[in-house]
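Please consult the sequence and the 3D structure while reading.

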Amino acid sequence: MLEISGVRAGYGSMTVLQGVDMSIKAGEIVALLGSNGVGKTTLNNVISGFIRPNAGTLTFKGVPLTGKKPADIVALGIAHVPEGRKIFPNLSVAENLSLGAFRRAGANRKQNFERICAIFPKLRQRLNQSAGTLSGGEQQMLAIGRGLMSEPELLILDEPSLGLSPIMVEEMFNLITKINAEGVAILLVEQNVMQSLAVAGRAYVIEQGRFVMEGAAADLISDKQLRQAYLGM
Amino acid sequence: MMKLNSTGQLVLILVAVAYLLGVYFISSPVWMGFTINALIVAVLALSWNVTGGFGGLSSFGHAVLYGTGAYTSAILQVTYGVNAWVALVAGIAMAAAVGGFIGALAFRYGVKGSYFALVTLAFAEVFRICAASFDFTGGGSGLQLKLAPGISNIQFADRTVLYTFLLAIVVLVMLLTAWIKYSRFGAYLVAVRENEDAARALGIDTYRIKVLAMAVSGAFGGLAGVLYLQLWLFIDSSIAYGSSVSIEALIGPIIGGAGTVWGPVLGTLGLHLIGEGAKTLLSNAPGLNFVLYAVVLICALRFMPNGLVGLAGRIGPFAKKESKDA
Ligand SMILES: Nc1ncnc2c1ncn2[C@@H]1O[C@H](COP(=O)(O)OP(=O)(O)OP(=O)(O)O)[C@@H](O)[C@H]1O
Ligand SMILES: [Mg+2]
């Protein structure tokens, strides 16, 4: 569904991504693993159109993404839930959600609203509360729910478990499986290596702007090198 | 026209409406004259409210829009003998274009926050200096419209008719503001104010929305400028583009409640009442009203971050209704 090849991108004169190839098939969860500052968020931003790549091609369902605006990419069916809970703090939970449905799937707003409330029951109880007063975990759920309002075929989650307590992290991964079970493909950027590999079908490991490993999640879990590099075991 | 949240807001609005209607019965030329001025400023405040209130794009140079509306209309009428109504429409259009242009330029280069305030301020100053220097703007002596009372010239001999005309315009601009507030455009604009990165991630073309907001704000601001011209039949560079205009534009919404429909109008009326009261009490010391405005502004920012409307909203809130997709 998403095909990336030879993508190089960066900021100004600094190249962060040194040529990456990636593919995501419809309905699968792909984990993108790597330590801090290696270019995970940069790759997300290239896919969602915030950063123009210097080289390489990206296509989504056969449509080239290069040169497209973020708004058009959302309209094609890619929703990006950015790093760091970017919600609208002074708007209510309901208002936050409805802002997710303007670009795409506006007609199914009611249905999606119900669907998201079913996935995140905690949000339903707080629909009129201003989003800034939600707990960190609830804010993250809201950000994901808002992304789902556009009925994406591919959902990009950038560190959804960041800053959550172990119990919330557990819940977050359950929710990710639940969302995926509805047929949404997910690109999951994470620091929680083991949990990500447990829910993902395939994974890519990135180091300094290059993929150094890729394959079935089950194979990577038992990979000695990976365990040493990321888990110290 | 607006979803009321509390008894406090209801009372506040009723008081304002009672005052505005009361002006008809007091039949005091002083009150009438003062309120007429306040209504024109209210239109300017509603202009600032579109960008500064909904979009969080605080401009410090709204005079550039106001002045452009006034000068466009004045030049067309004085130099080219164009009908006042046509000149009014042209003034609005030109101000909208200037607003859009400034927005396009500033936002193209990612200008934000206080830098945006400075850019708008700079534009207003440049326009002021140009208006004072060129011949076609009347240079230092300004432009004077011919006195020719009549609806077709937008000049009203009868103050009551003039007052009704301005009141109708304020109501119209408030209705447009309410429409913006509950439209998709308004929702996008609020999203930009709340978190621009998040708005972009949701697929909102934030650049376009901000430029559009500047153009709409320009239309309202230009209208205010034209109204001033039609009332006084005279403008010069500092009346049109002076920084006091820019200050008046933002102070009403901030005190009344930015990003609301009533706030800019309530704030402007309240402020002018205070200013007028102080003037009569302290025998017309020039510039005094601005000192007073500054004090009120500081108090407002400190004690009522959401303005009068926000403050009143905390008095006797109505039970919250379950609204699923607000
Ligand atoms: N806006 C920016 N301007 C300049 N450099 C940037 C910018 N954003 C990121 N970088 C740099 O690009 C590199 C990759 O950043 P990126 O955010 O993609 O890392 P990441 O893998 O997402 O890290 P983390 O796990 O900490 O989120 C870093 O060296 C970072 O300093
Ligand atoms: Mg990152």
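In this predicted model, Glu83(A) is partly exposed, with 29% relative accessibility; the term covers values between buried (under 20% relative accessible area) and exposed (over 50%), with a 1.4 Å probe and protein chains only. Glu83(A) and Thr41(A) coordinate the magnesium ion (ligand 2) at 1.9 to 2.5 Å. Donors are N, O and S atoms within 2.8 Å of the metal (3.2 Å for Na, K and Ca), and sites may look incomplete because water is not among the atoms. The two residues are 42 residues apart.

| Residue | Donor atom | Location in chain A | Relative accessible area |
|---|---|---|---|
| Thr41(A) | OG1 | helix 1 (residues 40-47) | 22% |
| Glu83(A) | OE | loop between strand 6 (78-81) and helix 3 (93-99) | 29% |

Helices (H or I, at least four residues) and strands (E, at least two) are DSSP runs, numbered from the N terminus.

The second topic is the interface. Contact (heavy atoms within 4.5 Å) joins 23 residues of chain B to 26 residues of chain A. The area buried between the chains, which is the accessible area (1.4 Å probe) lost on being put together, summed over both, is about 2300 Å², and carbon and sulfur atoms give 56% of this area. There is 1 salt bridge between chain B and chain A, a side-chain nitrogen of Lys or Arg within 4 Å of a carboxyl oxygen of Asp or Glu. Lys69(A) and Asp205(B) form it, with their closest N and O atoms 3.0 Å apart. On the side of chain B that touches chain A, helix 7 of chain B gives the largest share, 6 residues.

Residues are numbered from 1 along each chain as written, chains are lettered from A and ligands numbered from 1 in written order. Local features need pLDDT of at least 70, side-chain atom pairs count only at pLDDT 80 or more, totals for chains, interfaces and linings use all residues, and side-chain values use heavy atoms, without hydrogens and water.

Terms used
Buried area is the accessible area (1.4 Å probe) that two parts lose on being put together, summed over both.
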